[in-house]
Amino acid sequence: MSKLTGRNAVVIGGVGGIGGAISRAFAEAGATVYATSRRAGEEVAEVGSGEIRNRQVDASHPEALARFFERIGAEVGSIDVLAVNAGISEYGPLAEVTPDHFDRAFDLNVRALLFAAQTAAGLMRDGGSIVLVGSIAGSIGTKGYGVYNATKAAVRSFARTWANELAPRSIRVNVVAPGPTDTDMFAAASDEVRRVLTGLIPLGRMARAEEVAAAALFLASDDSSFVTGAEFPVDGGMAQV
(Lines give C-alpha, C1' and ligand atoms only; values in the text may rest on other atoms or scores of the structure.)
Protein backbone atom coordinates (compact mmCIF):
# COMPACT_ATOMS: atom_id res chain seq x y z
CA MET A 1 0.00 0.00 0.00
CA SER A 2 1.29 3.47 -0.86
CA LYS A 3 2.14 5.83 1.97
CA LEU A 4 -0.86 8.15 1.51
CA THR A 5 -3.44 5.77 0.03
CA GLY A 6 -6.98 6.91 0.78
CA ARG A 7 -5.91 10.25 2.21
CA ASN A 8 -6.93 13.73 1.20
CA ALA A 9 -4.17 16.32 0.90
CA VAL A 10 -4.15 20.04 0.20
CA VAL A 11 -1.08 21.75 -1.26
CA ILE A 12 -1.28 25.54 -1.17
CA GLY A 13 0.89 26.79 -4.03
CA GLY A 14 0.87 23.29 -5.43
CA VAL A 15 1.17 23.90 -9.17
CA GLY A 16 4.68 24.23 -10.60
CA GLY A 17 8.10 24.34 -8.95
CA ILE A 18 8.54 22.82 -5.50
CA GLY A 19 4.81 22.87 -4.83
CA GLY A 20 4.05 21.00 -8.03
CA ALA A 21 6.65 18.38 -7.14
CA ILE A 22 5.06 17.98 -3.70
CA SER A 23 1.61 17.55 -5.27
CA ARG A 24 2.97 14.86 -7.59
CA ALA A 25 4.79 13.06 -4.77
CA PHE A 26 1.64 12.99 -2.63
CA ALA A 27 -0.49 11.73 -5.54
CA GLU A 28 2.05 9.08 -6.49
CA ALA A 29 1.85 7.94 -2.86
CA GLY A 30 -1.91 7.43 -3.27
CA ALA A 31 -3.43 10.71 -2.06
CA THR A 32 -6.20 12.76 -3.59
CA VAL A 33 -4.45 16.13 -3.81
CA TYR A 34 -6.11 19.53 -4.03
CA ALA A 35 -3.42 21.81 -5.47
CA THR A 36 -3.97 25.56 -5.49
CA SER A 37 -2.53 28.32 -7.63
CA ARG A 38 -3.59 31.82 -8.57
CA ARG A 39 -3.54 30.73 -12.22
CA ALA A 40 -4.64 27.09 -12.06
CA GLY A 41 -7.63 25.85 -14.00
CA GLU A 42 -10.17 23.35 -12.66
CA GLU A 43 -8.24 20.34 -13.91
CA VAL A 44 -8.00 16.76 -12.66
CA ALA A 45 -5.08 14.46 -13.46
CA GLU A 46 -4.44 10.88 -12.41
CA VAL A 47 -0.91 10.55 -11.06
CA GLY A 48 0.37 7.21 -9.84
CA SER A 49 -2.26 5.65 -7.62
CA GLY A 50 -3.75 9.04 -6.70
CA GLU A 51 -4.88 12.19 -8.44
CA ILE A 52 -4.32 15.93 -8.48
CA ARG A 53 -7.28 18.31 -8.57
CA ASN A 54 -6.17 21.83 -9.41
CA ARG A 55 -8.05 24.77 -7.92
CA GLN A 56 -7.66 28.48 -8.66
CA VAL A 57 -7.14 30.27 -5.35
CA ASP A 58 -5.30 33.47 -4.45
CA ALA A 59 -3.76 32.37 -1.16
CA SER A 60 -2.92 35.95 -0.18
CA HIS A 61 -6.64 36.59 0.44
CA PRO A 62 -8.02 34.88 3.58
CA GLU A 63 -11.56 35.11 2.19
CA ALA A 64 -10.53 33.12 -0.90
CA LEU A 65 -8.82 30.53 1.28
CA ALA A 66 -11.91 30.24 3.46
CA ARG A 67 -14.15 29.65 0.42
CA PHE A 68 -11.70 27.06 -0.91
CA PHE A 69 -11.59 25.09 2.33
CA GLU A 70 -15.39 25.33 2.67
CA ARG A 71 -15.65 23.74 -0.76
CA ILE A 72 -13.14 21.01 0.17
CA GLY A 73 -15.10 20.29 3.33
CA ALA A 74 -18.29 19.92 1.33
CA GLU A 75 -16.59 17.58 -1.17
CA VAL A 76 -14.60 15.26 1.08
CA GLY A 77 -15.56 16.11 4.66
CA SER A 78 -12.05 16.15 6.09
CA ILE A 79 -8.39 16.27 5.11
CA ASP A 80 -5.36 14.36 6.31
CA VAL A 81 -2.43 16.42 5.04
CA LEU A 82 -1.76 20.11 4.46
CA ALA A 83 1.36 21.44 2.74
CA VAL A 84 1.82 25.20 2.41
CA ASN A 85 4.27 26.23 -0.27
CA ALA A 86 2.94 29.53 -1.65
CA GLY A 87 5.54 32.28 -1.32
CA ILE A 88 7.63 34.95 -3.01
CA SER A 89 11.22 36.10 -2.73
CA GLU A 90 12.19 39.63 -3.74
CA TYR A 91 15.51 41.40 -3.42
CA GLY A 92 15.46 44.36 -1.03
CA PRO A 93 18.37 45.59 1.10
CA LEU A 94 17.49 47.54 4.23
CA ALA A 95 17.93 50.97 2.61
CA GLU A 96 15.51 50.07 -0.19
CA VAL A 97 12.71 48.22 1.61
CA THR A 98 9.30 49.83 1.04
CA PRO A 99 5.96 49.17 2.74
CA ASP A 100 4.74 47.50 -0.46
CA HIS A 101 7.77 45.19 -0.55
CA PHE A 102 7.21 44.25 3.09
CA ASP A 103 3.46 43.73 2.67
CA ARG A 104 3.82 41.52 -0.44
CA ALA A 105 6.24 39.20 1.31
CA PHE A 106 4.44 38.95 4.63
CA ASP A 107 0.96 38.74 3.09
CA LEU A 108 1.82 35.61 1.10
CA ASN A 109 4.70 34.01 3.01
CA VAL A 110 3.29 34.51 6.51
CA ARG A 111 -0.31 35.75 6.58
CA ALA A 112 -1.58 33.29 3.96
CA LEU A 113 0.31 30.42 5.63
CA LEU A 114 -1.23 31.28 8.99
CA PHE A 115 -4.80 31.38 7.77
CA ALA A 116 -4.38 28.31 5.58
CA ALA A 117 -3.17 26.34 8.60
CA GLN A 118 -5.88 27.77 10.83
CA THR A 119 -8.68 26.81 8.45
CA ALA A 120 -7.20 23.47 7.46
CA ALA A 121 -6.74 22.43 11.10
CA GLY A 122 -10.50 22.71 11.55
CA LEU A 123 -11.01 20.21 8.70
CA MET A 124 -8.15 17.89 9.61
CA ARG A 125 -8.62 14.47 11.06
CA ASP A 126 -6.85 13.77 14.32
CA GLY A 127 -3.47 12.27 13.50
CA GLY A 128 -2.98 14.42 10.42
CA SER A 129 0.14 16.21 9.26
CA ILE A 130 0.96 19.80 8.35
CA VAL A 131 4.09 20.45 6.29
CA LEU A 132 5.23 24.04 5.94
CA VAL A 133 7.72 24.93 3.21
CA GLY A 134 10.28 27.20 4.83
CA SER A 135 13.82 27.88 3.72
CA ILE A 136 17.33 27.84 5.09
CA ALA A 137 17.00 31.61 4.54
CA GLY A 138 15.17 31.69 7.87
CA SER A 139 18.37 30.92 9.73
CA ILE A 140 21.03 32.69 7.65
CA GLY A 141 21.56 36.35 6.81
CA THR A 142 21.62 36.55 3.03
CA LYS A 143 22.35 40.15 2.12
CA GLY A 144 19.51 41.96 0.39
CA TYR A 145 16.86 39.47 1.48
CA GLY A 146 16.14 40.59 5.03
CA VAL A 147 12.37 40.69 4.61
CA TYR A 148 12.24 37.31 2.89
CA ASN A 149 14.56 35.82 5.52
CA ALA A 150 12.28 37.15 8.26
CA THR A 151 9.20 35.57 6.69
CA LYS A 152 10.88 32.18 6.67
CA ALA A 153 12.01 32.61 10.28
CA ALA A 154 8.33 33.22 11.09
CA VAL A 155 7.41 29.95 9.37
CA ARG A 156 9.88 28.09 11.59
CA SER A 157 8.47 29.76 14.69
CA PHE A 158 4.88 28.94 13.76
CA ALA A 159 5.78 25.26 13.38
CA ARG A 160 7.09 25.09 16.94
CA THR A 161 4.00 26.75 18.40
CA TRP A 162 1.45 24.86 16.32
CA ALA A 163 3.17 21.54 17.05
CA ASN A 164 2.47 22.24 20.74
CA GLU A 165 -1.05 23.48 20.19
CA LEU A 166 -2.14 20.60 17.94
CA ALA A 167 -0.33 17.80 19.78
CA PRO A 168 -3.45 16.86 21.81
CA ARG A 169 -5.05 15.91 18.48
CA SER A 170 -1.89 14.07 17.35
CA ILE A 171 -1.56 16.48 14.44
CA ARG A 172 2.11 16.92 13.60
CA VAL A 173 3.58 20.16 12.25
CA ASN A 174 6.98 20.27 10.57
CA VAL A 175 9.00 22.40 8.17
CA VAL A 176 10.89 21.32 5.08
CA ALA A 177 13.61 23.92 4.47
CA PRO A 178 15.12 23.90 0.98
CA GLY A 179 18.29 25.59 -0.05
CA PRO A 180 18.73 26.81 -3.65
CA THR A 181 16.52 24.60 -5.81
CA ASP A 182 16.70 24.24 -9.57
CA THR A 183 13.19 25.43 -10.46
CA ASP A 184 12.02 27.73 -13.24
CA MET A 185 12.77 30.71 -11.00
CA PHE A 186 16.45 29.78 -10.77
CA ALA A 187 16.56 28.71 -14.42
CA ALA A 188 16.12 32.39 -15.28
CA ALA A 189 19.09 33.42 -13.12
CA SER A 190 22.39 34.33 -14.71
CA ASP A 191 25.18 31.82 -15.01
CA GLU A 192 27.16 33.89 -12.51
CA VAL A 193 24.40 33.74 -9.88
CA ARG A 194 24.06 30.00 -10.34
CA ARG A 195 27.84 29.56 -10.13
CA VAL A 196 28.09 31.54 -6.89
CA LEU A 197 25.17 29.69 -5.28
CA THR A 198 26.47 26.30 -6.31
CA GLY A 199 29.87 27.18 -4.89
CA LEU A 200 28.29 27.60 -1.45
CA ILE A 201 26.80 24.10 -1.46
CA PRO A 202 29.09 21.29 -0.23
CA LEU A 203 27.45 18.75 -2.56
CA GLY A 204 28.26 21.03 -5.49
CA ARG A 205 24.82 21.43 -7.05
CA MET A 206 21.35 22.82 -6.41
CA ALA A 207 18.53 20.64 -5.16
CA ARG A 208 15.99 19.17 -7.52
CA ALA A 209 12.36 19.95 -6.70
CA GLU A 210 11.72 16.21 -6.44
CA GLU A 211 14.28 15.95 -3.64
CA VAL A 212 12.45 18.59 -1.62
CA ALA A 213 9.17 16.81 -2.34
CA ALA A 214 10.59 13.52 -1.06
CA ALA A 215 11.32 15.20 2.28
CA ALA A 216 7.81 16.67 2.35
CA LEU A 217 6.34 13.22 1.70
CA PHE A 218 8.36 11.78 4.57
CA LEU A 219 7.01 14.46 6.91
CA ALA A 220 3.44 14.01 5.61
CA SER A 221 3.39 10.24 5.98
CA ASP A 222 3.45 7.84 8.91
CA ASP A 223 7.16 7.30 8.26
CA SER A 224 7.67 10.40 10.43
CA SER A 225 5.05 9.48 13.02
CA PHE A 226 7.26 10.58 15.95
CA VAL A 227 8.49 13.82 14.38
CA THR A 228 6.85 17.16 15.13
CA GLY A 229 8.02 20.75 15.55
CA ALA A 230 11.10 19.95 13.48
CA GLU A 231 12.83 21.59 10.54
CA PHE A 232 14.14 19.27 7.82
CA PRO A 233 16.82 21.03 5.71
CA VAL A 234 17.24 19.95 2.10
CA ASP A 235 20.19 22.12 1.15
CA GLY A 236 23.14 19.92 0.21
CA GLY A 237 24.80 21.00 3.46
CA MET A 238 24.80 24.72 2.60
CA ALA A 239 23.60 25.89 6.02
CA GLN A 240 24.66 22.79 7.94
CA VAL A 241 28.46 22.46 7.70
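Contact here means heavy atoms within 4.5 Å. With that set, I looked up Leu82 first: leaving out residues up to four places away in sequence, Leu82 touches Val10, Ile12, Phe69, Ala116, Ala117, Ala120, Met124, Ser129, Ile130 and Val131.

Housekeeping before going on. This is a predicted model, where local features need pLDDT of at least 70 and side-chain atom pairs count only at pLDDT 80 or more, while totals for chains, interfaces and linings use all residues. Residues are numbered from 1 along each chain as its sequence is written, and side-chain values use heavy atoms, with hydrogens and water left out.

**Cores**

I went on to the nonpolar cores (a core is a set of buried Ala, Val, Leu, Ile, Met, Phe, Trp, Tyr and Cys residues joined through side-chain atoms within 4.5 Å; buried is under 20% relative accessible area, exposed over 50%, partly exposed in between, with a 1.4 Å probe and protein chains only). The largest nonpolar core has 33 residues, and Ile12, Phe69, Leu82 and Leu132 have the most contacts inside it. Strand 1 (8-12), helix 2 (62-76), strand 5 (79-84), helix 3, strand 6 (124-133), helix 4 and strand 7 (172-178) each put in at least two residues. My helices (H or I, at least four residues) and strands (E, at least two) are DSSP runs, numbered from the N terminus. Helix 3 gives the most to this core, 8 residues. Another core lies apart from it, with 30 residues, among them Val212, Ala216, Leu217 and Leu219.

**Strand 1**

How many residues of strand 1 are buried? I get 5 of its 5. Asn8, Val10 and Ile12 point one way, Ala9 and Val11 the other. Strand 1 runs parallel to strand 2, with 4 bridges joining them; I count strands as paired if DSSP finds at least two bridges between them. Val10 stands opposite Tyr34 in strand 2.

I checked Asn8 separately. Asn8 counts as buried because its relative accessibility is 10%. Beyond four places in sequence, Asn8 touches Thr32, Val76, Ser78, Ile79, Asp80 and Val81.

Asn149 sits in helix 4, and its 9% relative accessibility is why it counts as buried. Not counting residues up to four places away in sequence, Asn149 touches Ala137, Gly138, Ile140, Gly141 and Thr142.

Ser157 is in helix 4 too, but is partly exposed at 40%.

Ser170 is in the loop between helix 4 and strand 7. Its phi is near 60 degrees, a positive value in a residue other than glycine. Ser170 is partly exposed, at 48% relative accessible area.

Last entry: the largest pocket has a volume of about 1600 Å³. Of its 50 lining residues, Gly87, Ile88, Ser89, Tyr148 and Met185 are the closest to its centre. (On a 1 Å grid over the protein atoms alone, a pocket is an open set of points where a 1.4 Å probe fits, with protein on both sides within 12 Å along at least five of seven lines; lining residues have an atom within 4 Å of a point.) Helix 3 gives the most to the lining, with 4 residues.

Key. Points joined across faces, edges and corners; volume = space filled by probe spheres on them.
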